[in-house]
Amino acid sequence: MARSVSRPSLSDVLVSQGAVSKQTVEDTLHRLGGVSSTLGQALVGEGALSEDQLARALAVQYGLPYDPLTNFQVDTRYYETISVKLMQRVPFIPIAEQSGVLTIAIADPQNILGLDELELLIGKPMELIVSSKSAILSALDRSAGSNQALRELEAEYRS
């Protein structure tokens, strides 16, 4: 028997958190032609919402933990098995691994295709934590990821 997953809409979460007004949500949805899948990014793009507020709301909507990744650095052992380009493209970063399950911070838990691709490429089950895209990319920059990305580019150039 199929199980139904009910979660609040992003607009409901944003309004209940006081991040934006109901009127702002309605105006933005009207401009988007009613397509709610891009609501969060549209609000961020218009300056009505910060990336951090969006990440917090997505965490609530999906029932996932939120982490601002303040001063977080990626463990260098992950760079041996996971491409920095992949981490930047999706974007995500590995946080920890326990009992064969990799915990990752991801900016968009709605990106089902990206999550499926990650699970296939990484080859392990994953647990998700939500963070903003800029926090994830900053954590990569603070970590050895920048150097690893340069090494990957250099290796491609040489071949």
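Helix 4 contributes the most to the lining of the largest pocket, giving four residues. The structure is a predicted model.

The volume of the largest pocket is about 280 Å³. Its lining comprises 18 residues, and those closest to the centre of the pocket are Gln41, Leu54, Leu58, Ala107 and Asp108. Two or more lining residues come from each of helix 3 (39-45) and helix 4 (51-62). By residue class, the lining of the largest pocket holds eight nonpolar, seven polar and three charged residues.

Three strands make up an open sheet with mixed pairing, in the order 1-2-3. Strand 1 (92-98) and strand 3 (126-130) are the edge strands, each pairing on one side only. From one strand to the next, the twist averages 25 degrees.

| Strand | Residues |
|---|---|
| Strand 1 | residues 92-98 |
| Strand 2 | residues 101-106 |
| Strand 3 | residues 126-130 |

Strand 2 pairs with strand 3 in the parallel sense, over five bridges. Isoleucine 106 has valine 130, in strand 3, as its bridge partner.

Notes
Residues numbered from 1 in each chain as written. Predicted model: local features only at pLDDT ≥ 70, side-chain atom pairs only at ≥ 80, totals over all residues. Heavy atoms only, no water. 1 Å grid on protein atoms, 1.4 Å probe; cavity = no way out; pocket = protein on both sides within 12 Å on 5 of 7 lines; lining within 4 Å. Points joined across faces, edges and corners; volume = space filled by probe spheres on them. Nonpolar A, V, L, I, M, F, W, Y, C, P; charged D, E, K, R; others polar. Pairing = 2+ DSSP bridges. Axes fitted to C-alpha atoms, helices over the stretch in contact; angles between N-to-C directions.
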